[in-house]
Amino acid sequence: LMMISDMDEPAFNPMACPYYLKGIAQWEHCFPFGKDFYETHNITTKFGFGVTALDAINSVVTLANNEQINYRKCLIATGARAVVPPIKGLRETSKALPLRTSADTLKMAEALKNAHKVVVMGASLIGVKLAEILRKTGAEVWLLDIAPQVMPTGAHPISAQFLQQYFEQNGIKLLLGCGIDEVIPVKEKLTCIVQDTVLDEADFVAVCAGIRSNINFIDKSQVETGLGIIINRNSETNIKGLYAAGDCAQG
């Protein structure tokens, strides 16, 4: 059994990120299998080498170092990456912080230490959790979403109204039904233009705008894909012996 990962570390659980930032989870608990799991179960690991190509017809995986590995069965569990929308100035600034990987988490933890004003872009589940964490540090928090409510894919509109009232009562400022038009660096801070509202002096923008499946290495002429890799109820793709699971898969 072999495990390949582009990360030079054991499996990381992105769902634990906000709980670490909140002080509930210890850092080692963000790695649910730990470092000894692979040796204990005789798993050969190739960490730090991402997959650049997968030939599903000939059952060959090509790594970033050009090494090729033949397989009998293969499970694709490449997860997803955070989306940074193509907003003017957003991708160019180092102060646009997503929250998905271990590196993202450590960078966010450092930014939280001295944050006085933060714009949270996206009122998803992760966005509202971050807004809560930030507010408890005493920072001024603006929570934005292009949807007319918080948690647009996870809360009924009536439930969302109660949540919004709760956030506002706890000092979180909401801007719903609109998005950031432009991000402008001003000295060590950011100015965010949101329609007629100017949010200046922001320390960083927490980007919680969704995720995209990591399937760039998939040959779509071989493997059926949609938003993710299409699988059946047994997690098998259209190619026998090739499986997918997690955020890269679409059932």
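This is a predicted model: local features need pLDDT of at least 70, side-chain atom pairs count only at pLDDT 80 or more; totals for chains, interfaces and linings use all residues.

Trainee: How many helices and strands does the protein have?

Mentor: Helices (H or I, at least four residues) and strands (E, at least two) are DSSP runs, numbered from the N terminus. The C-alpha atoms fill a box of roughly 55 × 35 × 35 Å along the principal axes. Within the protein, the secondary structure comes to five helices and 19 strands.

Trainee: What percentage of the residues is buried?

Mentor: Buried means under 20% relative accessible area, exposed over 50%, and partly exposed in between (1.4 Å probe, protein chains only). The accessible surface, from the Shrake-Rupley method with a 1.4 Å probe, comes to about 14100 Å², of which 51% belongs to carbon and sulfur atoms. Of the 251 residues in the protein, the buried share is 43%.

Trainee: Of the contacts between residues at least 6 apart in sequence, what percentage joins residues at least 24 apart?

Mentor: Contact means heavy atoms within 4.5 Å. Among the contacts between residues at least 6 apart in sequence, the share that joins residues at least 24 apart is 56%.

Trainee: How far apart are the centres of the positive and negative side chains?

Mentor: Lys and Arg count as positive and Asp and Glu as negative, while His and the chain ends are not counted. The place of a charge is NZ of Lys, CZ of Arg, CG of Asp or CD of Glu. For the 23 positive and 26 negative side chains, the two centres are separated by 3 Å.

Trainee: What distance does helix α4 reach from its first C-alpha to its last?

Mentor: Helix α4 covers residues 125–136, which makes 12 residues.

Trainee: Which elements do the buried residues of α4 pack against?

Mentor: The buried residues of this helix include Gly127, Val128, Leu130 and Leu134. Their packing partners are α1 (17–22), α3 (102–113), β9 (117–121), β10 (140–145), α5 (157–169) and β15 (204–207).

Trainee: Is Leu130 buried or exposed?

Mentor: Leu130 lies in helix α4. Beyond four places in sequence, Leu130 touches Leu21, Leu99, Met108, Ala206 and Cys208; the C-alpha atom of Cys208, 78 residues away along the chain, is 9.0 Å from that of Leu130. Because its relative accessible area is 0%, Leu130 counts as buried.

Trainee: What is the C-alpha separation of Leu143 and Val119?

Mentor: Leu143 lies in strand β10 and is buried at 0% relative accessibility. Its contacts beyond four places in sequence include Val120, Val128, Ala131 and Phe167. Val119 is 24 residues from Leu143 along the chain, and their C-alpha atoms are separated by 6.2 Å.

Trainee: How far apart in space are Ala96 and Phe204, C-alpha to C-alpha?

Mentor: Ala96 is in strand β8 (residues 96–97) and is buried, with a relative accessible area of 12%. Leaving aside neighbours within four places, Ala96 is in contact with Leu90, Val205 and Val207. Although Ala96 and Phe204 are 108 residues apart in sequence, their C-alpha distance is 6.0 Å.

Trainee: Is Asn42 buried or exposed?

Mentor: Asn42 is found in the loop between α2 (37–40) and β2 (44–47). Most residues other than glycine have a negative phi. Asn42, however, has a positive phi of about 55°. With a relative accessible area of 65%, Asn42 is exposed.

How values were computed. Residues are numbered from 1 along each chain as its sequence is written. Side-chain values use heavy atoms; hydrogens and water are left out. The expected span of a helix is 1.5 Å times one less than its number of residues.
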